[in-house]
Amino acid sequence: MNHTDYPRFAVVGHPNKGKSSIVASLAMDDAIAISDTPGTTTRKARYPLKVDGETLYELIDTPGFQRARQVLAWLREHETDASRRHEVVREFVNIHKGDARFHDEIELLEPIMEGAGIIYVVDGSKPYGEEYEAEMEILRWTGQPSMALINRIDEEDYTEDWKRALGGYFQMIRTYDPMHATLSQHLKILESMAQLREEWTPQVKASIALFERYHAMMRERSAAAIAKLLYRALSHVERLALKEGEAVEDAKKRIASRYKQHLRSFEVETQKRIEYIWNHQHLKKQQEQMRLEGLDLFSKESASVFGLTRKELLVTGASSGAVTGAGIDLAFAGHTFFAGGIIGAVVGGVGAYMAFNELADIKVLGRKIGRRTLQMGPMQNRNFPYILLGRILFHTTTVAQLSHAVRHSVNFEMDEHFRERWLTDTRRKKLEKYHKQFRQAKRIDENVLAEYEALVLEILDTLLGEG
Amino acid sequence: MQLKRYLDLYALLQQDRSSREERRTFGLSEAVRGKDAAEQLRAWTEAHQTSLPRPLLSEQVESVLYHATLLLGIVAFLLGIVTAAGLLNYSGKEPVNLVYFLAVAVLLPLVTMVLALIAMFRANRARNFLVHISPAYWMTRIIGFFDRKGSMKFNTVPLNPLILNWVIIRRSQLLALLFAIGMLLTLLGVVATRDIAFAWSTTLQIDAAQFHAFIEALAFPWRGWLPSAVPSLALVEQSHYFRLGGKLSETMVSHAAMLGAWWKFLAMATFVYAVLLRFGMYMLAGWGLSRAIRRSMPAIDGADVLLRDMNEPLITTHPDEKNLSSNTLQESLYTRTDAKLMPSYDAVVGWAIPEETLVSLCDAFSVTASECREAGGNRTLEEDSHTLETLRGTVLLFVKAWEPPTMDFADFLEAVSKRVSKVIVVPVGTPKEGYAADARHKAVWERKLALLDYPNVWMLR
């Protein structure tokens, strides 16, 4: 590989100061090994940002300094001229390549001596110590462009102390919290990296535009997956052949259970797809089966957190019924004295109110020809689409905002005000128009699904602060 | 676009394990660049068809459809023959009423073609009455009934209503076409082998001139270039037949040879209205089916993701090969631990802890020592060596709990442990924490000491 084609940045520092977390966050890779055990990273690992196979820049995760004072002592011993210090470092690397004592130092110095920029990571939540001086001095000797990133791992704040200490060694100092970094914070760090060396600016700037596009693509893909989930779940029809001598009531229970199970599996499949889209395949959850903290899709709690209230449901049903009725009025050029709209509103509203807890009708088919089959679906409950949509939007926003540096179990804690953040009256009316079509289990035109997808994307953008 | 492509794509997406890289590479190839979604999917299907298990799902489904259509087609053809033979049945006592024949050869096709056109406009609907009354629809139902065990794969076919409707419409046109061909061939056969006298008869108050005008209108497509197939007014007048009386008029009998001249008109009417127009409908249905398949291909489950993967730039930030750099350290529990400190020690050393802080630490932990030394930090290795030389007996070694042990520390600890009888490592917290070390940080030190396993090194829990 030609090492001069694109900018490279070696992420270096003391052991256990969050280098891998920074790389995981900047590379959006949740597979990078991160641990609170020092020495987890034993070899340098390269994380190139590639677009269609072409590398724009590369991040290099490195092990931490282990014997910095010994390396510095060696360098000082071999120093002849201050202007040739980087050559002394190169000599050190060449001489000690196979030396197990300096394995980690060689791993981290090698890419720097090949031209990589330095991103030096420190923990701003812990006090500055003199033991850092040796490694900062070594990095200064390399002569490469450098930036210090203050990563606050814990609550305490020693950022100002660190800034004073780092100021003498690095071109620029930035703070970055890989566990909670937003896209704009991520891009700001890239902006800083672009300034490290003039030749690197165009490629790193291009990667900033690319990351913005990448984020937009992930939102669009999520919206497509969510739209498909809603259509699939609402139009799903479950069929079950009655067993020999089986009572219809027993079979009804069986089909209801299967119907629910299928809908749950659609939700889980989509959740996994969303996690894949946002590069969170390794996400650990507190509740793998139920997800969303054990809140089952069909539970009352789920309905109360994500669903509509009876009043909202009444309004939604009434307005939807009124639209249908108004169509009749229009057909009769208003000669119905708008009775269609009024009747439609009343029927729709009462229907929605009464069917608050009902999911779907169960019909017995083929009673006359002897081969009896039960059919359940499509979904008739007007509240269900909002529950399902609310849950998947909640899951998506949580996953989308989750740092790739997180390695502990993620608890999808419920936010009771989540619904208020996205479900406005206008949106509910727009959504209901599509939900009504989905509930009819007819083939939906691709354009209709695309319109619904656009609506979901708009909601998602609002929730993710992009709208 | 063929049904085969649709079914092959469905089967491919069902089993597809291709990576995003493979999909994007294909998306950038000349085969698909700049083409519409359906064409891209078609190209993908063609390129990956070899990975499908044999026999192909599309071959199985098309074979079932072909055999069912063949069977129904033969039935329709025979029905056309039987119908025409019945309509042309001539006993010699009465002429053949050509109005019957025209009703079946012209009116019936026109009516069914109008219904077919309506069905085409409504093809998007799942419940399409006009489709459901077609024999081809019942053909699919019958196949489905006999395929309950799924051996013919017909019930598992994921055809959406749009495609299914067009499949039925197209096959209905084919059956009607075969029926018409059967009628036309029978007409020609009967005319060639028998002497038939055609006449027209109706209860309606229609005179010969009106009927002639109607005939002229029907013959519009061919009257310009085949005038012999357009009956004259004289022929129409002479072939007007009234049942009343039960016998032929004398004029009619005297012009019996002329009455047979109707056959050309009937043959052309059958050919144009029942065969040619139907063939046009068949072609139109073929176009509609192809369009429906093109529209439906991107709606197959997984096709939207495939299209996105092919057309959106592939942005990766992962290494090409997952590096196995993680060093899994064993969760060892360090056994050489002290629960509390003694009031005095031979020496107290602070690793990267300045001497003034060390004094505060000794106060905080209520320990005294004859020697209080700093090591590590920004001190040189020589200075550490001097410190080492002063150490003896039991040494208390304070370390910053939040700074994980480096190999620099391990080297120093090894050297100390070789010089003295006992070393007690005490991880301490920050002054803000009141020097109390965080359990997480302590655990890190504990694991490291367990790994180093120096026999006379102890740790304060």
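H13(A) covers residues 384–400 and H16(A) residues 446–463, and the two pack at about 50° with their axes 10 Å apart. Here axes are lines fitted to C-alpha atoms, for helices over the stretch in contact, and angles run from 0 to 180 degrees between N-to-C directions. Helices are DSSP runs of H or I with at least four residues, strands are runs of E with at least two, and both are numbered from the N terminus.

Before going on, a word on the model: it is predicted, with local features needing pLDDT of at least 70 and side-chain atom pairs counting only at pLDDT 80 or more, while totals for chains, interfaces and linings use all residues. Residues are numbered from 1 along each chain as its sequence is written, and chains are lettered from A and ligands numbered from 1 in the order in which they are written.

Back to that helix pair. H13(A) passes H16(A) in a right-handed crossing, meaning the near helix is turned clockwise from the far one by less than a right angle. The contact uses A:Leu393, A:Thr396 and A:Thr397 from H13(A), and A:Ile459, A:Leu460 and A:Leu463 from H16(A); residues count as in contact if their C-beta atoms, placed from the backbone, lie within 7 Å. That makes 4 nonpolar residues, 2 polar and no charged. Nonpolar covers Ala, Val, Leu, Ile, Met, Phe, Trp, Tyr, Cys and Pro; charged covers Asp, Glu, Lys and Arg; the others, Gly among them, are polar.

Now look at the sheet. It is open, has 7 strands with mixed pairing, and runs E6(A)-E5(A)-E4(A)-E1(A)-E3(A)-E2(A)-E3(B). Strands pair if DSSP finds at least two bridges between them. The edges are E6 (172–175) of chain A and E3 (315–316) of chain B, each pairing on one side only. Inside the sheet, E1(A) (residues 8–13) runs parallel to E3(A) (residues 54–61), joined by 4 bridges, and A:Val11 stands opposite A:Asp61. Helix H8(A) (residues 201–235) packs on the sheet, touching E2(A) (45–51), E3(A) and E3(B), with its direction at about 95° to that of E3(A). Helix H4(A) (residues 103–113) lies across E1(A), E3(A) and E4(A) (117–123), at about 150° to E1(A).

The sheet also takes us across to chain B. E2(A) and E3(B) run antiparallel, joined by 2 bridges, with A:Val51 opposite B:Ile315. Overall, 44 residues of chain A are in contact with 45 of chain B. On chain A's side, E2, H2 (68–78) and H8 each give two or more residues, and E2(A) gives the most, with 6. That side divides into 18 nonpolar, 9 polar and 17 charged residues.

Within chain B, H5 (residues 98–121) and H8 (residues 161–193) pack at about 170°, axes 11 Å apart, and are therefore roughly antiparallel. Among the residues meeting there are B:Ala105 and B:Pro109 of H5(B), and B:Ile169 and B:Ser172 of H8(B). This contact has 9 nonpolar residues, 3 polar and no charged.

Finally, chain A splits into domain 1 (8–196) and domain 2 (214–463), with bounds from an automatic or database domain assignment. Here 13 residues of domain 1 are in contact with 11 of domain 2. H1(A) (residues 19–27) gives the most to the domain 1 side, with 3 residues.

Conventions. Two residues are in contact if their C-beta atoms, placed from the backbone, lie within 7 Å. Angles under 35 degrees count as roughly parallel, over 145 as roughly antiparallel, 65 to 115 as roughly perpendicular and the rest as oblique.
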